[in-house]
Amino acid sequence: MAAAELGMTNGDYVFYAFDYYDAPIGESLPLGTRPWMIDGLNDHEEEAKLAYRSLFVVSLANVKTPEHDRFSQDVKSLAARQYNYTYSENENINPFAMSEYYAMKILGVVLNETVTIDGVAAASDGAGLSKRMWNRTYNILGRQIVLDENGDRVADWVVNQLDPGGNAFRPVLQWNTGMKMFMPVIEEDGSSRQISWYNRSSAPPDRPFRVSSTDTGYQIPTDAIAIGCSAMAIILIVALILVVVYRKTIWNKLRPSGSEIASVPFANEE
């Protein structure tokens, strides 16, 4: 709503948000039907829907595999049976729980290698175990889990946008870590899914927020710069004067009078 009030929902601006939950490539994000609806603000739903046209949501890519689907079903069954928690129909496994599972699997692989190669005593070398994990690719549940040379996970991402009907987010681009480039999402008919730029045929120009419009583009008025610099200079001068006056006042209070200073004779004055 703030973007709408600033007049930034006309297609000249785009906005990005991050969702760390896995997004199935080619399917809609589980953000609910009509995610632009705002509780208690029914009078502004059209403005919110318009703003969502310029919103892109970046999320982790969810590469579906049979192994991962079976594991997800096992987790959901276990949650219902032992913890009385029932997942909704389209709800994915919590990504933090999945990351914990990946971490345990990677630790198991590296621990087995370490014990086999260097003996049981090497299993207590935490730093050595960590370094052995780095710069490797692990195949877990049919997915490739990549750790770089610093031990950080290298993940694939997808960029999601509202579908033409404005009902749900769906992926429009996917980031391929191996190729280090964005790849299009392929539709069922083999065509590439296109980004829909609201109120324009291409991406808006990469320019800063417009304060005033000139023939050369978007720029901040020179008068505003001059006023800002002058104000900062005045504040700095006033602050220096206050510091000097305060220091002089404190010194006058602490300095003893002449009658209070005892005379100290020197050896050559006796």
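Author: Strand 2 and strand 6 (residues 157–162) pair in the antiparallel sense, over four bridges. This is a predicted model. Within the pairing, Val58 stands opposite Val159 of strand 6. Strand 2 covers residues 55–62, and eight of its eight residues are buried, so the strand is largely enclosed by the rest of the structure.

Next, the nonpolar core. The largest one has 15 residues, and Ile106, Tyr138 and Ile140 touch the most other members. Two or more residues each come from helix 3 (66–82), helix 4 (95–118), helix 5 (126–133), strand 3 (136–140) and strand 4 (143–147). Helix 4 gives the largest share, four residues. In soluble globular proteins, nonpolar side chains tend to be buried together. Take Ile106. Leaving aside residues up to four places away in sequence, Ile106 touches Met133, Tyr138, Ile140, Ile145 and Leu147.

Between strand 3 and strand 4 runs a loop that holds Leu141. Leu141 is not a glycine, yet its phi is positive, near 55 degrees. Leu141 is buried, at 15% relative accessible area. Asn199 also has a positive phi without being a glycine, at about 65 degrees. Its place is the loop between strand 8 (181–184) and strand 9 (212–214). Asn199 is exposed, with a relative accessible area of 58%.

Now the charged pairs. The count comes to five salt bridges. One of them joins Glu113 and Arg136, with the closest N and O atoms 2.9 Å apart. This pair links distant parts of the chain: Glu113 sits in helix 4 and Arg136 in strand 3, 23 residues apart. Glu113 is partly exposed, at 26% relative accessible area. Arg136 also counts as partly exposed, at 24%.

Another salt bridge runs from Arg170 to Glu187, where the closest N and O atoms are 3.8 Å apart. Here too the pair links distant parts of the chain: Arg170 is in strand 7 (residues 169–176), Glu187 is in the loop between strand 8 and strand 9, and 17 residues separate them. Glu187 forms a salt bridge with Arg193 as well, with the closest N and O atoms 3.0 Å apart. Glu187 counts as partly exposed, at 25% relative accessibility. Arg193 counts as buried, at 8%; the cut-off for buried is under 20%.

Definitions and conventions:
Residues numbered from 1 in each chain as written. Predicted model: local features only at pLDDT ≥ 70, side-chain atom pairs only at ≥ 80, totals over all residues. Heavy atoms only, no water. Core = buried A, V, L, I, M, F, W, Y, C linked by side-chain atoms within 4.5 Å. Buried < 20%, exposed > 50% of the residue type's maximum accessible area, 1.4 Å probe, protein only. Contact = heavy atoms within 4.5 Å. Pairing = 2+ DSSP bridges. Salt bridge = Lys/Arg side-chain N within 4 Å of Asp/Glu carboxyl O.
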